[in-house]
Amino acid sequence: MEQKAVYKSLNPATGKIEKTFDEISKQDLDKALDKAVEAYKSWKKTSFAERAKVIKKAAELFRERKNELAKYAAIEMGKPLKEGIGEVMFSAHILDYYAENAEEFLKDSPIQSLSGKAFISYEPIGLLLSVQPWNFPYYQIIRTAAGNIMAGNTYMLKHASNVPQCALAVEQIFKDSGLPEGVYKNIFLSSKNIDTLVDDPRVKAATLTGSERAGSAFASAAAKNLKKTTLELGGSDPLIVLDDKNLDKIIKLIIMARFGNCGQICVSSKRIIVLKDFADQVLEGIKEGIKTIKVGDPLKEDTTMGPLSSEHAMEDVLKQIQTAVDHGAKLIAGGKRIGTVGAFMEPTILTDIDENNPIAKEEVFGPVLMLYVAQNEEEAIKLANNTDFGLGGTVFCSDEERAVKVAKQIETGSVAINRPFPLSMEIEIPFGGTKRSGYGRDHYLSGIREFLNEKTIKIEQL
């Protein structure tokens, strides 16, 4: 394994490299794997109370260091400070949640049996490999780490190469919280060497959040080694507006949901589907609303949208917009770069996108809102399902029964009613996708049970 600087803090607001970090050596990686295996042997024997004490301390440290952590996110991937602090606080809540609920979630579960007694015992399996993206550099880690560590597994993180200081900050928090060495380990590893870890027999299971291409390769490598995986991949989530009640509030929520984190959210409402009777009103409201978005330096308190994560990411989104327009889409607002320094671009609105337009089948990972007009409810559902993705979705409707009926027909892992998903993700609610958006679930008891041995024990009298 060639050792070189593969992790870089490249500030997307300035284009300057802040710091670089070398890839872990083969020898050090081998030592880290051995340490994780040894740590597992003792960690799995600790009580839930012992684990909870450490995880609760980690939550406390997240809150104490929220400003420092938010600054790292701003510098490395462009998240405005206010959004960064919100992410840190949510991560702390996740840690507390699993510290407080893991024992209840993992207690023996009785089974109805025709003879004797039977129950399911939930037992840890060992070292989990976690490969995570940059767009939520803290939440993405904690949503998989908290439950697994509380369950008795150990955890090795391969974070995105553009957020190394965020990765190190999380590892330091776990160290300072008193977590034994080897239970949680951050490694700097190039993507091309991930298969080395997946192949290693010391790794017992693996989880990844990323692109379809990365997920396919990752799952293939794991399947070859008979290892379980969970995947959260791309999304092109629909948001359907079925009536015109409270449109002003709905429009504000749409803008927050689509343009938060500069549109770089897997489960963001990317396709807004509105019935024809009030489509013009929604479009005008969104056009006015995006004028209030302040694009700028993510380290400034009044910035509401920072740069995209990189120059390359911005160029990709701008190309998608141009291709969409070339294929008949109408550019209503935005669509251009802002300035010449930093990966800043205008909030963008596209309409008149037909099913043959390339952008109709793609995920747009940037500040681009696509507005579709449906003639009726049936067409709205058809448009919502006209994608290979199936991560999340949203339905706005004043009639709850009607909203639920529509939600059940949307082909996604989750649907939120009367609140967009980026604003309603809660640790108490299972989260995950279907179709080409991946499989498996995070959050709630579903998340903590993904990487456990659900052992059935049957008892009969002699």
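Reply: Start with strand β13. Both of its faces are covered: T348 and L350 on one side are buried, and so are I349 and T351 on the other. Keep in mind that this is a predicted model.

Me: Which strands pair with β13, and in what sense?

Reply: There are two to look at. Strand β12 (residues 330-333) pairs with β13 in the antiparallel sense, over three bridges. In that pairing, K330 stands opposite T351. Strand β14 runs parallel to β13, and three bridges join them.

Me: Where is D352, and why is it called exposed?

Reply: D352 sits in the loop between β13 (348-351) and β14 (368-374). Its relative accessibility is 53%. Exposed means over 50%, so D352 counts as exposed.

Me: What about N418: where is it, and what is its phi?

Reply: N418 lies in the loop between β16 (416-417) and α14 (421-424). Its phi is positive too, near 65 degrees, and N418 is not a glycine.

Me: Why is N418 called partly exposed?

Reply: Its relative accessible area is 38%. Buried needs under 20% and exposed needs over 50%. N418 falls in between, so it is partly exposed.

Me: How do you know that N148 is buried?

Reply: Its relative accessible area is 4%. The cut-off for buried is under 20%, so N148 is buried. N148 belongs to helix α5 (residues 139-151). Leaving aside neighbours within four places in sequence, N148 is in contact with L128, N153 and F451.

Me: Now the helices. Why are α3 and α6 called roughly antiparallel?

Reply: Helix α3 (residues 66-77) and helix α6 (residues 164-176) have axes that cross at roughly 160 degrees. Over 145 counts as roughly antiparallel. The angle passes that mark, so α3 and α6 are roughly antiparallel. Their axes come within 8 Å, and the crossing is left-handed.

Me: Which residues make the contact of α3 with α6, and of what classes are they?

Reply: From α3 come L69, Y72, A73 and E76. From α6 come P164, Q165, C166, A169 and I173. By class, seven are nonpolar, one is polar and one is charged.

Me: What makes α2 roughly antiparallel to α4?

Reply: Again, look at the angle. The axes of helix α2 (residues 48-64) and helix α4 (residues 81-105) cross at roughly 170 degrees. That is over 145, so α2 is roughly antiparallel to α4. This crossing is left-handed. Among the residues that meet are F48, I55 and F62 in α2 and V88, M89 and L95 in α4. The contact has 12 nonpolar, two polar and five charged residues.

Me: Why are β3 and β18 called edge strands?

Reply: They belong to an open sheet of three strands, in the order β3-β4-β18, with antiparallel pairing. β3 (109-111) and β18 (452-459) each pair on one side only, and that makes them the edges. The twist averages 30 degrees from one strand to the next. Three bridges join β3 to β4 (residues 117-124), and A118 in β4 is the bridge partner of I111.

Me: What is the order of the six-stranded sheet, and what lies across it?

Reply: The order is β7-β6-β5-β8-β9-β17, an open sheet with mixed pairing. The edges are β7 (184-187) and β17 (438-439). Strands β8 (residues 203-209) and β9 (residues 228-232) run parallel, joined by five bridges. T207 has T230 in β9 as its bridge partner. Helix α1 (residues 26-43) lies across β5, β6, β7 and β8, at about 155 degrees to β6. Helix α8 (residues 212-224) lies across β5, β8, β9 and β17, at about 175 degrees to β9.

How values were computed:
Residues numbered from 1 in each chain as written. Predicted model: local features only at pLDDT ≥ 70, side-chain atom pairs only at ≥ 80, totals over all residues. Heavy atoms only, no water. Pairing = 2+ DSSP bridges. Helix = DSSP H or I, 4+ residues; strand = E, 2+ residues; numbered from the N terminus. Axes fitted to C-alpha atoms, helices over the stretch in contact; angles between N-to-C directions. Parallel < 35°, antiparallel > 145°, perpendicular 65-115°, else oblique. Left-handed = near helix turned anticlockwise from the far one by under 90°. Contact = heavy atoms within 4.5 Å. Nonpolar A, V, L, I, M, F, W, Y, C, P; charged D, E, K, R; others polar. Buried < 20%, exposed > 50% of the residue type's maximum accessible area, 1.4 Å probe, protein only.
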